[in-house]
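My notes follow in the order I looked things up.

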Amino acid sequence: MPKNTEELLLKAKEAAANCYCPYSGFHVSAVIEDENGELHTGVNVENSSYGLALCAERAAVFSAVSNGQKKFKRILIYSPDGEPLPCGACRQVLAEFCDNDFPVTVATNNFVKHYTLAELLPHRFQPESRSG
């Protein structure tokens, strides 16, 4: 059964309590809906070696894939601390599993914005696009 934005936002707000962000203080949670309407959450998990941190978006995707899901309807990314636009790595991971028209919702306590993956990653890398 399809979920509405409010349901995803509520789940993301609940998940934000589990963020581990002692270095940035920037809490981010993500909820991705799979093709069956199941919701998978992820939160940012920081590390003192900054390169080993994991963003909420990738945590949600990896959780879903770990549970056998590889087709998605949409993702909502939430932060109470500021606009949580996905980083380049997260955009490329989404591109691995999602089409250009995949809906990406970004939310704070003050606003909700809607994008497509193509708007956030207009020239995505795909193996079949390689020349040579």
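In what order do the elements of the protein chain run from the N terminus on? I read them off as α-β-β-α-β-α-β-β-α. That gives me four helices and five strands. A reminder to myself: this is a predicted model.

**Overall shape.** I looked up the dimensions next. The C-alpha atoms fill a box of roughly 45 × 40 × 30 Å along the principal axes. The radius of gyration is 14 Å, and this agrees with the value near 14 Å for a compact globule of 132 residues. I also noted that 41% of the residues count as buried. Among contacts between residues at least 6 apart in sequence, 63% join residues at least 24 apart. The accessible surface comes to about 7300 Å², and carbon and sulfur atoms account for 50% of that.

**Nonpolar cores.** Then I went inside. The largest nonpolar core has 20 residues, and I32, I75, L94, F102, V104 and L117 have the most contacts within it. Two or more residues come from each of β1 (29–34), α2 (56–66), β3 (72–78), α3 (88–97), β4 and α4 (117–120). I marked α2 as the giver of the largest share, four residues. Another core, of twelve residues, lies apart from this one, and includes C21, V43, L76 and A107. As a general rule, nonpolar side chains tend to be buried together in soluble globular proteins.

**Strand β4.** Leaving out residues up to four places away in sequence, V104 touches I75, I77, K113, H114, Y115, L117 and L120. T105 lies in strand β4, which spans residues 103–107. Is T105 buried or exposed? I found it buried, at a relative accessible area of 6%. With neighbours within four places set aside, T105 is in contact with T5, I75, L76, I77, V112, K113 and H114.

**Cysteines.** How many disulfides does a search of the whole structure find? My count is zero. For C21, the nearest cysteine sulfur is that of C19, 5.4 Å away. A disulfide needs the two sulfur atoms within 2.5 Å, so C21 is in none. C21 is also buried, with 8% relative accessibility. For C98, which is in no disulfide either, the nearest cysteine sulfur belongs to C90 and is 12 Å away. C98 counts as buried too, at 4% relative accessibility.

Notes:
Residues numbered from 1 in each chain as written. Predicted model: local features only at pLDDT ≥ 70, side-chain atom pairs only at ≥ 80, totals over all residues. Heavy atoms only, no water. Buried < 20%, exposed > 50% of the residue type's maximum accessible area, 1.4 Å probe, protein only. Contact = heavy atoms within 4.5 Å. Core = buried A, V, L, I, M, F, W, Y, C linked by side-chain atoms within 4.5 Å. Rg over C-alpha atoms; globule rule 2.2 N^0.38 Å. Areas by Shrake-Rupley, 256 points an atom, 1.4 Å probe, with all protein chains shown as cover.
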